[in-house]
Amino acid sequence: MPAIFDLLYREYCRARLAEMRKQLLIAAERSETLEADHHPAKRDDDERTDAHKAGHGMAN
């Protein structure tokens, strides 16, 4: 009887570890996707934005 419990426990642990690894891989893929989608602004973009803001003030 203890051998059956040992086998069941090992299978449970194996399945749980597999599930945790899968979740970690999914989380890693999401973070890589977010990093790939993030494009830092170039200095040219900042200068154009600043010029645009200075040239078009809010009317009262």
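Arg10 counts as exposed, at 56% relative accessibility, where exposed means over 50% relative accessible area, buried under 20% and partly exposed in between (1.4 Å probe, protein chains only). The model is predicted, so local features need pLDDT of at least 70, side-chain atom pairs count only at pLDDT 80 or more, and totals for chains, interfaces and linings use all residues. Residues are numbered from 1 along each chain as its sequence is written, and side-chain values use heavy atoms, with hydrogens and water left out.

The protein chain contains 2 helices and 0 strands; these are DSSP runs (helices H or I, at least four residues; strands E, at least two) numbered from the N terminus. Of its 60 residues, 0% count as buried. The chain exposes about 6200 Å², of which carbon and sulfur atoms supply 59%, with areas taken from the Shrake-Rupley method and a 1.4 Å probe, and with only the protein chains shown counting as cover for residues.

The structure holds 3 salt bridges, each defined as a side-chain nitrogen of Lys or Arg within 4 Å of a carboxyl oxygen of Asp or Glu. Arg10 pairs with Asp6 at 3.3 Å, N to O. These two residues are 4 apart in helix H1 (residues 2-37) and are therefore separated by about one helical turn. Asp6 is partly exposed, at 37%.

Arg14 meets Glu11 in a salt bridge at 3.1 Å, N to O; here the spacing in helix H1 is 3 residues, again about one helical turn. Glu11 is partly exposed, at 38%. A further salt bridge joins Glu19 to Arg16, with the closest N and O atoms 3.4 Å apart. Both residues lie in helix H1, 3 residues apart, and both are partly exposed, Glu19 at 40% and Arg16 at 34%.
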